[in-house]
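Please open the model in a viewer and keep the sequence at hand.

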Amino acid sequence: MVVKDDKHWRTVIGLPLDLIPGQYFFTVQNAGEDKPRQFKFSVAPKQYRTQHLSIANKNQVDPDRKTLKRIKKERAEMDAVYNHWRDAEPVALPLQQPVKGELSSSFGLRRVFNGKPRNPHSGLDIAAPSGRPVTAPAAGEVAATGHYFFNGNTVMIDHGQGLVSMMCHLSKIDVKKGDKVKRGDIIGKVGSTGRATGPHLHWSLSLNNARVNPKLFLWAPKPPADKKPLAQPEATTGKTAGGNKSAKNVLNKKHPKQKNAKNKPARKKAIRQPSGRQ
């Protein structure tokens with residue numbers, strides 16, 4: 001994703017929650033440059049807390065065969081949204097918190113339902129009373145709506161450049177697929193539909209199909225110094241001077257136990273910048 005501060009274009013790279021700690025690098029190539037430039041950064045290990053939850057509906061912990069078929073279909077629909085690329089104006093950071101309330105379950109929690117470990121928590125839960133309005137955290141286009149088995153009533157908003165918000169457990173949906181929304185527009189109401197122990201909003205944020213911590217996007221990044229290089233070691237952002245640019249991001253991995261091995265490309269994505277921006 002490309003964002004702009006006063007003097008520079010900056011790229012924001014999404015790293016998946018299950019990324020193995022180690023040394024990585026990304027490659028940036030500007031239009032008119034013969035050779036790309038590479039910048040290293042480190043991914044350090046992080047321990048997340050474990051959360052134990054009790055669910056009365058046993059099928060929401062161990063789905064039967066019919067339900068598993070439904071879940072597979074719903075995941076395919078969501079993956080299609082996460083993998084879609086839509087050119088758009090740079091997203092304004094920070095994002096707006098979609099509902100007023102207390103931040104309850106944090107991103108990355110190790111979830112245990114009825115004593116059985118399940119997938120880590122890939123979003124941010126905001127506790128709020130049922131019926132409280134939920135708003136769009138940034139401008140975008142409604143990419144999908146529906147009632148999903150785990151997520152309940154859900155709205156997915158494509159903000160462009162690979163950034164997607166997913167709002168879950170709604171009691172009411174006030175938008176439809178294809179609607180254009182502005183930052184702060186009401187898209188639904190807080191509820192407890194799907195696999196939920198009480199009324200709250202589950203807000204998931206995906207960047208280039210990597211679930212990222214929404215809390216990190218509620219504060220604007222500090223602009224770099226004028227003479228600071230494109231990126232520094234152990235950084236996860238790169239920037240280019242203003243103007244019409246195109247950049248490529250190649251994420252490579254070198255496992256700590258393979259110090260003598262050459263880095264091999266593990267992931268390659270194009271980070272595109274809107275044309276005509278200065």
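Begin by selecting Arg195 and Phe113: the charged end of Arg195 sits over the ring of Phe113, 3.9 Å from the ring centre. A charge is counted as sitting over a ring if NZ of Lys or CZ of Arg is within 6 Å of the ring centre and within 35 degrees of the ring normal. The model is a predicted one, in which local features need pLDDT of at least 70 and side-chain atom pairs count only at pLDDT 80 or more, while totals for chains, interfaces and linings use all residues. Residues are numbered from 1 along each chain as its sequence is written, and side-chain values use heavy atoms, leaving out hydrogens and water.

Next, select Lys46 together with Tyr48. Lys46 lies over the face of Tyr48, at 5.3 Å from the ring centre.

**The sheet around Phe113**

Return to Phe113, which stands opposite Lys116 in strand E8. Strands (E, at least two residues) and helices (H or I, at least four) are DSSP runs, numbered from the N terminus. Now select strand E7, residues 110–113, which pairs with E8 in the antiparallel sense over two bridges; two strands pair if DSSP finds at least two bridges between them.

**The aromatic cluster**

Select Tyr24, Phe26, Phe39 and Phe41, which form one aromatic cluster. Rings of Phe, Tyr and Trp (its six-membered ring) pair if their centres lie within 6.5 Å; planes under 30 degrees apart count as stacked, over 60 as edge-to-face and the rest as tilted. By this rule there are four aromatic pairs. In one of them, the rings of Phe26 and Phe39 have centres 5.9 Å apart and planes at 35 degrees, so the pair is tilted. This pair links distant parts of the chain, 13 residues apart: Phe26 is in strand E3 (residues 22–28) and Phe39 in strand E4 (residues 37–43).

Then keep Phe26 and show Phe41: this pair is also tilted, at 6.1 Å centre to centre and 45 degrees between the planes. Since Phe26 lies in E3 and Phe41 in E4, the pair ties together parts that are 15 residues apart in sequence.

Phe26 counts as buried at 1% relative accessibility, and Phe39 counts as buried at 14%. Phe41 is buried too, with a relative accessible area of 1%.

**Helix H1**

Select residues 65–82, which make up helix H1. Which residues of H1 are buried? They are Thr67, Ile71, Glu74, Met78, Val81 and Tyr82. The face turned away from the buried side carries the exposed residues Arg65, Lys66, Lys69, Lys72, Lys73 and Ala80. What covers the buried residues includes strands E11 (140–148), E12 (152–160) and E13 (163–170), with contact meaning heavy atoms within 4.5 Å.

**Strand E16**

Finally, select strand E16, residues 186–189, which three bridges join to strand E10 (residues 133–135) in an antiparallel run. The bridge partner of Val134 in E16 is Gly188. Gly188 is also the bridge partner of Ile173.

Methods:
Buried < 20%, exposed > 50% of the residue type's maximum accessible area, 1.4 Å probe, protein only. Expected span 1.5 Å × (residues − 1).
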